[in-house]
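Colleague: I have not looked at this one before. Could you walk me through it?

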Amino acid sequence: MIPRFLSEGPALLLKRSISVLVVADTHLGVESALDSAGWHLKSSSESRLQRILNCIEVTDPDLLLILGDLKHSVPRITWQEHTELPEFLDAIRRNVDLRLLPGNHDPGIERYMEAEEILNKNGVIIDGTGYLHGHTYPSPDLAGHLIVAGHHHPVIHLYDEVGCSLRGTPAYLLSEVNEKKLRMVETDTPTRLLLVPAFYEYAGGIDIRTIPESGISPLSRSIRIDTAEVFLQDGTYIDTLGSLRSEAHYRPSA
Amino acid sequence: MLPIFHSLLTMKERHGFSALYITPLRSLNRNMLSRLTWWCGELGLSVGVRHGDTTMAERRKQVLKPPDLLITTPETVQSMMMGSRLRQHLGGVRHVIVDEIHELADGKRGVQLAIALERICEYAGEFQRIGISATVGNPETVGYCLCGRRPFAIVEVPVASRLSLQVLFGGDRFDGQVEKIEDAIQGRGSSLVFVNTRSVAEAIGHHLIPRGDVEVHHGSLSKEVRIDAEDRFSKGQIRTLVCTSSMELGIDIGHIDHVVQFGSPRDVARLIQRVGRAGHRIDQISRGTIIATGFDDLLESLVIARRAVLNKTEPVVPPCCPADVIANQVAAIAVERGECGIETIRKIFSRAWPVSDCGSLLDDSISRMEEHRLIRREGDRIIKTGRARKYLTTNLSMITDERKFRIIDYVTRRTIGTLDESFVVGWIHTGAVFITRGRLWRVLEVLEDAITVEPAPKSMGELPSWEGEQIPVPFEVAEEVGRLRRTRNFSEYGADDDSLAYINRILSEMEKNRTPVPTDRLVMLEHSKEGVIMNICGGHKANEALGRALSILISARYGTSVGIEVNAYRIFLRLPKTVRAQDVREILFSLEGEHVEAILKIAMKKTALYKWKLVAVAKKFGAIDSDAEYDKISLHRLSEHFDGSIIEEEVYRELFSRYMDAGAAGRLITRIRSGDTEVQIGALSIIGSEGLFSSRDLIAPPDMDQAVIAALKRRLNAQEVILACMHCRKWKRKTILERVEEHPECPKCGARLIAAVKPYEEENIQIIRKKTKTPEEKDVEKKMLRSANMVLSSGKRAIIALAGRGVGPDAASRILATHAHGDGFYKEILKAERKYITTHRFW
């Protein structure tokens with residue numbers, strides 16, 4: 001399988017026998033939630049849609065897979081979501097087949113989507129790769145596969161000798177997992193996990209160094225830290241998570 | 001006030017508030033009330049006070065039966081304009097007195113008040129305006145702020161000629177300095193001791209309160225405690241009040257014989273204002289003593305005292321068309337009227353001098369506020385929305401108040417201190433490390449009003465927390481201090497023997513250490529443990545601009561973050577060890593004066609100062625509520641949302657007028673480039689290490705690639721590599737890349753045919769030593785020979801390339817063939833790694 005990292009997303013294209021465009025955590029309608037938290041920003045749904053359509057245009061995928069948290073508000077659907085979702089989804093459907101792995105922010109999304117567009121929230125295997133949102137235990141079927149998940153909003157901060165040189169930039173985490181912690185049977189080929197950064201641009205995100213202890217999902221606890229690898233949204237390799245977490249990381253660079 | 005009373009009494013009929021007395025402070029209001037109550041009682045006029053502390057009952061009474069004279073604050077004027085009955089009462093205004101107007105005119109509060117007065121005019125018609133100001137360099141400007149283009153007259157009371165100032169050196173130790181204060185207040189009747197911060201006021205109070213005739217007075221104390229101290233002082237029960245700027249404005253606490261200023265007053269206006277509290281009558285001399293506490297402080301005090309006597313007071317600089325005030329007042333007018341034609345607003349604004357030329361700013365502000373749903377626009381009218389009133393009640397004031405965040409230790413669940421909102425906005429993200437109370441803490445979580453932290457081990461990139469903004473020292477003062485360091489005519493400045501002895505001690509020590517004294521004509525770049533200190537007498541704002549511009553250029557050229565700390569006499573650049581004073585000097589000479597502002601604009605956005613100001617201005621625009629929850633959003637990515645907006649424009653306007661002086665920085669650079677000012681490099685001197693840096697920030701590399709390349713270099717340097725001699729095949733060495741020489745040689749045979757092998761390929765070295773090899777083993781040998789040949793011709797560069805993730809001899813030779821240098825070389829490695837990851841790896 002060949003991945004392609006689209007930094008203009010962030011999005012990921014995975015190609016084997018079909019090509020699947022993966023986007024995670026769009027959080028449509030987040031502006032009305034921010035509004036009640038004191039942040040009055042105009043809706044960015046249109047610009048998020050344009051970013052998605054742009055990714056579709058440059059990759060021409062067979063399928064667009066949204067890795068959950070398509071919308072933001074729980075448990076009730078807001079007026080903003082009710083008015084924006086139909087057009088947003090139709091615009092995508094006009095270009096490509098659409099599937100959703102429902103996330104913890106997606107209750108009520110059934111009203112806006114066809115039944116076959118909504119996949120099992122515990123994960124599915126498409127073209128040999130496992131996908132799920134990531135707030136639940138993954139389905140046992142995913143054992144031995146690469147599991148691609150959202151939910152964690154990973155970001156990385158880079159430091160140099162003087163201070164923080166790059167703050168909170170979206171990042172991918174690729175790691176082998178401890179199957180036991182996911183209630184999976186061990187398989188011949190190791191089960192691996194790829195955490196995809198949030199598409200939603202105001203996400204503060206979780207410092208990738210702290211994800212294993214964050215306790216926000218079973219997946220986060222299953223990460224094998226020492227060999228896990230960190231990539232930027234364009235696929236640039238940064239380092240292993242083990243090394244990024246070690247004290248030695250803070251040594252001066254040449 | 002007497003002519004106004006006369007006017008009020010001779011008016012045919014009075015309705016509403018006939019006169020408004022506006023002061024910047026509630027305490028001043030209370031004080032005025034007690035002074036005017038007697039007069040009004042005798043004259044049969046009614047007087048009242050209305051501000052934040054006024055009870056609901058009192059407020060109601062004022063609505064039903066308005067007093068003839070109302071004492072109030074600019075913010076309360078704003079809130080009164082929201083009520084229909086009170087607006088009617090304001091319609092009766094015939095006189096407005098603005099007390100301590102210099103204090104207001106200097107900032108956005110003054111602009112807001114100027115517009116408010118024009119809004120009152122809409123109901124009351126023209127009225128008499130009287131401004132009472134401390135000595136300022138440009139009274140006309142203050143007059144324009146008050147009156148707009150209406151004719152006005154200035155009545156000046158000469159102050160400088162009545163000043164009697166003395167500067168003393170207080171010694172190095174705090175105990176000694178306090179003794180000096182005691183000497184100064186001894187036998188002088190009543191004294192005010194002014195200090196610059198609350199904590200110093202407390203420390204001095206701690207020493208002196210046991211005497212029994214001293215009290216402390218500052219803004220953190222409760223209203224009752226302050227009023228009690230004021231009362232006891234005016235009754236003569238205590239003779240000395242240790243105070244901060246809380247006592248600067250004209251609160252009448254009876255006769256004051258003498259004023260002590262502890263530490264430099266920072267600017268001339270402040271000194272005159274403070275000392276003016278003594279002998280506050282037209283025929284009396286105002287006596288003041290400055291007790292200086294260090295080398296910078298002493299010279300600065302001498303210069304400021306002399307400039308005060310020469311009447312060189314700084315001008316008041318009113319903000320010119322601040323967009324957030326415009327937005328605030330548009331919302332206020334919308335709420336006041338329900339709906340309003342834009343032309344009417346423009347007419348009101350055109351009479352208010354600070355915004356009279358606002359032009360398209362008004363339209364831009366209106367569009368932006370529409371986006372925040374504060375108003376709706378219908379044709380050429382604006383209509384208030386449901387949000388507008390709520391916005392206005394929380395944004396009556398243009399003062400930026402900072403929330404405090406508690407710091408909670410996650411381990412013990414105890415509160416260990418507080419952080420200012422500006423620090424939280426600028427620096428705090430989960431994982432950030434900062435210093436407070438002398439310990440390092442790592443941020444675990446940002447909550448609504450608290451930050452949870454855990455103790456952190458030593459790491460790079462930590463920052464000390466700070467509190468509050470400092471009073472800037474003007475360019476002219478700092479420059480004159482530089483001249484005084486050069487001419488050394490301290491006696492002409494009235495330095496006494498103690499001061500002279502101290503100054504000479506410092507200067508002779510500088511000479512003994514062979515460290516030149518930086519002056520107005522000499523900039524010294526000094527190496528310190530963590531970076532370079534640039535000694536330059538530019539004052540706060542010019543140094544701030546220059547320091548940031550330099551940092552931006554350094555960070556761009558060397559791809560590193562640069563930490564900066566600035567005060568009036570030096571700029572401290574925290575740098576990696578590889579960047580030295582010579583490099584700073586070279587960059588300084590490459591900088592052109594007129595480019596400073598443009599350079600600053602490139603990189604301001606990622607800094608703590610910009611983010612904090614952005615939040616502050618966005619709040620006034622109604623984009624962010626004053627109590628917005630910071631845990632809900634990424635502040636640092638939010639700033640992109642405001643790119644190109646009027647909010648961003650206002651942030652720049654404020655930064656370049658209030659915090660930085662790009663023009664003055666440009667002049668400093670021009671002098672350096674023309675040779676008028678010399679630049680030398682030297683060791684850390686005692687003047688250079690005289691610390692107390694008042695503003696801190698970090699300039700990150702402008703280009704994301706540079707941060708990534710720095711991370712790559714660090715990863716590669718720590719990479720394990722095995723070197724094996726392909727000539728004698730007897731030697732191998734396991735090391736990390738950082739320790740590898742430029743052209744490694746085999747210590748056994750002296751050959752330079754050295755293969756670089758990845759640690760997991762170590763067994764390959766056994767293979768090449770075999771006498772007979774399988775075809776596969778021959779391939780391994782061939783691959784290692786390729787690697788060795790690359791190292792032979794390109795040296796360490798080849799080894800670096802080969803250390804890349806998944807980079808084998810083929811990819812490495814492609815990297816070397818590009819002949820890319822510096823960052824370009826590392827970018828090629830990153831490219832090869834990306835290619836490997838997407839094409840050659842198992843996914």
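Colleague: What does the accessible surface of chain A come to?
Modeller: About 8,900 Å², and carbon and sulfur atoms hold 50% of that. Accessible areas are from the Shrake-Rupley method with a 1.4 Å probe, and for residues only the protein chains shown count as cover. This is a predicted model, in which local features need pLDDT of at least 70, side-chain atom pairs count only at pLDDT 80 or more, and totals for chains, interfaces and linings use all residues. Residues are numbered from 1 along each chain as its sequence is written, chains are lettered from A and ligands numbered from 1 in the order in which they are written, and side-chain values use heavy atoms, leaving out hydrogens and water.

Colleague: How many helices and strands does chain A have?
Modeller: Six helices and 14 strands. Its radius of gyration is 18 Å, close to the 18 Å that the globule rule gives for 254 residues, so chain A is as compact as a globular protein of that length. That radius is taken over C-alpha atoms, and the rule is 2.2 Å times the number of residues to the power 0.38. Helices (H or I, at least four residues) and strands (E, at least two) are DSSP runs, numbered from the N terminus.

Colleague: What share of chain A is buried?
Modeller: 63% of its 254 residues. Buried means under 20% relative accessible area, exposed over 50%, and partly exposed in between, with a 1.4 Å probe and protein chains only.

Colleague: Where is A:His152?
Modeller: In the loop between strand E8 (146-149) and strand E9 (154-159) of chain A. A:His152 counts as buried because its relative accessibility is 0%.

Colleague: Which side chain does the side chain of A:His152 make a polar contact with?
Modeller: That of A:Ser217, at 2.6 Å. A polar contact is a pair of N or O atoms within 3.5 Å; within protein, one must be able to donate a hydrogen and the other to accept it, and residues adjacent in sequence count only if both atoms are side-chain atoms. Leaving aside neighbours within four places in sequence, A:His152 is in contact with residues including A:Gly134, A:Leu195 and A:Ile206. Contact means heavy atoms within 4.5 Å.

Colleague: Over to chain B. Is B:Glu480 buried or exposed?
Modeller: Buried, because its relative accessibility is 5%. B:Glu480 is in helix H19 (residues 475-487) of chain B, and its side chain makes a polar contact with the side chain of B:Tyr493 at 2.7 Å. Not counting residues up to four places away in sequence, B:Glu480 touches B:Val303, B:Arg306, B:Arg307 and B:Tyr493.

Colleague: And how many residues of helix H12 of chain B are buried?
Modeller: Seven of its eight, and the helix covers residues 268-275. Those buried residues pack against several elements of chain B, among them helix H6 (101-105) and strand E6 (163-169).

Colleague: What caps the N-terminal end of H12(B)?
Modeller: B:Asp267, with a side-chain oxygen 3.5 Å from the backbone nitrogen of B:Ala269.

Colleague: Where does B:Val791 lie?
Modeller: In helix H30 (residues 775-794) of chain B. B:Val791 is buried, with a relative accessible area of 3%. From C-alpha to C-alpha, B:Val791 and B:Pro516 are 48 Å apart in space, and they are 275 residues apart in sequence.

Colleague: Last one: is B:Trp38 buried or exposed?
Modeller: Exposed, because its relative accessibility is 54%. B:Trp38 is in helix H2 of chain B.
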